[in-house]
Amino acid sequence: MMWSKRELRAKIEDWLMEDIGSGDITTECTIPEDEQGKGILYAKEAGIIAGLPVAELVFETVDAGLSFKTLVKEGERVEKGQAIVEVSGSVQSILSGERLALNLLQRLSGIATRTREFVDVLEGTKARVVDTRKTTPGLRLVEKYAVRIGGGHNHRYALYDAVMIKDNHIKGAGSITKAVEAARTNIPHTMKIEVECETIEQVKEALAAGADIIMLDNMSPEMMREAVALINGRAIVEASGGVTLETVRAIAETGVDVISVGALTHSVRALDISLDLNQRKR
């Protein structure tokens, strides 16, 4: 788990306020306060389930008296029509928490499903697939968690936890060498420096400057092979830029160590999951 329960609950409380606000008018008008029942969350398509602890905390935050019973494991592949969770208790509470729980579960399961597709394509290579900072504002914590559930790995979490020198930093500093030297002077000895390179000449300069990680940005597979051979284990090699399921295997076979894929989070399609209130009782 990447978060504390307190940290995640604070986010969920904000998200519930956005959705419920001063009250769930429709539910409060149509459902008796003492109505008890059970809701079944089920998959409407096949995929990898991620976000069960998040959905559980949503319902718990709405009403601590609700019972949340998982029918599958986090990270498990489910088939169309398969039941995922049973939520039982106050019908008003179930319906008030339904949309936020589904929004998060669908989004995170979509990310995990997409990530698993990339991981499966890379099987047999040494390359690992990682995410980027191209996440939904406010959801980075849980979206990066979903990547891990799908079998992928996380890149830096935010701007504060690693140095990544990109093209505009290089322009502002004057050169790769100057940017790396300035960074090395100002960071702890425990922090790594990554440099984005678009040409073989930049790779040579980054190596000479002592970069710990070299990102090969939008290079062809042929150029990547040349760069990997040049680096020869002296730095971690990352490939990035427009990576797709169709191209990722060829990129991995160039010998790179890491492949970053923004599409894991920035344009993923949510997995279709629904809630069916199939039992009501007083």
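Figure 1. Helices (H or I, at least four residues) and strands (E, at least two) are DSSP runs, numbered from the N terminus. E45 has a relative accessible area of 19% and is therefore buried (buried, under 20% relative accessible area; exposed, over 50%; partly exposed, in between; 1.4 Å probe, protein chains only). The side chains of E45 and R269 are joined by a polar contact of 2.9 Å, and the backbone nitrogen of D272 is reached by the side chain of E45 at 2.7 Å. A polar contact is a pair of N or O atoms within 3.5 Å; within protein, one must be able to donate a hydrogen and the other to accept it, and residues adjacent in sequence count only if both atoms are side-chain atoms. Apart from neighbours within four places in sequence, E45 is in contact with V78, E79, K80, R269, A270, L271 and D272 (contact, heavy atoms within 4.5 Å).

Residues are numbered from 1 along each chain as its sequence is written. In this predicted model, local features need pLDDT of at least 70 and side-chain atom pairs count only at pLDDT 80 or more, while totals for chains, interfaces and linings use all residues; side-chain values use heavy atoms, with hydrogens and water left out.

**Figure 2. Crossing of helix α1 (residues 5-20) and helix α3 (residues 52-62).** The two axes come within 10 Å and cross at roughly 65°, so α1 and α3 are roughly perpendicular to each other. Axes are lines fitted to C-alpha atoms, for helices over the stretch in contact, and angles run from 0 to 180 degrees between N-to-C directions. Angles under 35 degrees count as roughly parallel, over 145 as roughly antiparallel, 65 to 115 as roughly perpendicular and the rest as oblique. The crossing of α1 and α3 is right-handed (near helix turned clockwise from the far one by less than a right angle; left-handed if anticlockwise). K5, L8, R9, I12, E13 and L16 of α1 meet V54, L57, V58, E60, T61 and V62 of α3. By class, the residues of this contact are 7 nonpolar, 1 polar and 4 charged; Ala, Val, Leu, Ile, Met, Phe, Trp, Tyr, Cys and Pro count as nonpolar, Asp, Glu, Lys and Arg as charged, and the others, Gly among them, as polar.

**Figure 3. Packing of α3 against helix α4 (residues 91-121).** The axes of α3 and α4 lie 9 Å apart at an angle of about 160°, and the helices are therefore roughly antiparallel to each other. Their crossing is right-handed. From α3 the contact involves L52, V54, A55, V58, F59 and V62, and from α4 S93, I94, S96, G97, E98, L100, A101, L104, L105 and L108. These residues comprise 12 nonpolar, 3 polar and 1 charged.

**Figure 4. T254 in the loop between α10 (248-252) and β11 (258-260).** T254 counts as buried because its relative accessibility is 7%. A polar atom of the T254 side chain lies 2.6 Å from the backbone oxygen of I251. With neighbours within four places in sequence left aside, T254 is in contact with P221, M224, R225 and V228.

**Figure 5. G37 in strand β1.** G37 has a relative accessibility of 6% and so counts as buried. Between the C-alpha atoms of G37 and V237, 200 residues apart in sequence, the distance is 54 Å. For the chain as a whole, the C-alpha atoms fill a box of roughly 75 × 40 × 25 Å along the principal axes, and 48% of the 282 residues count as buried.
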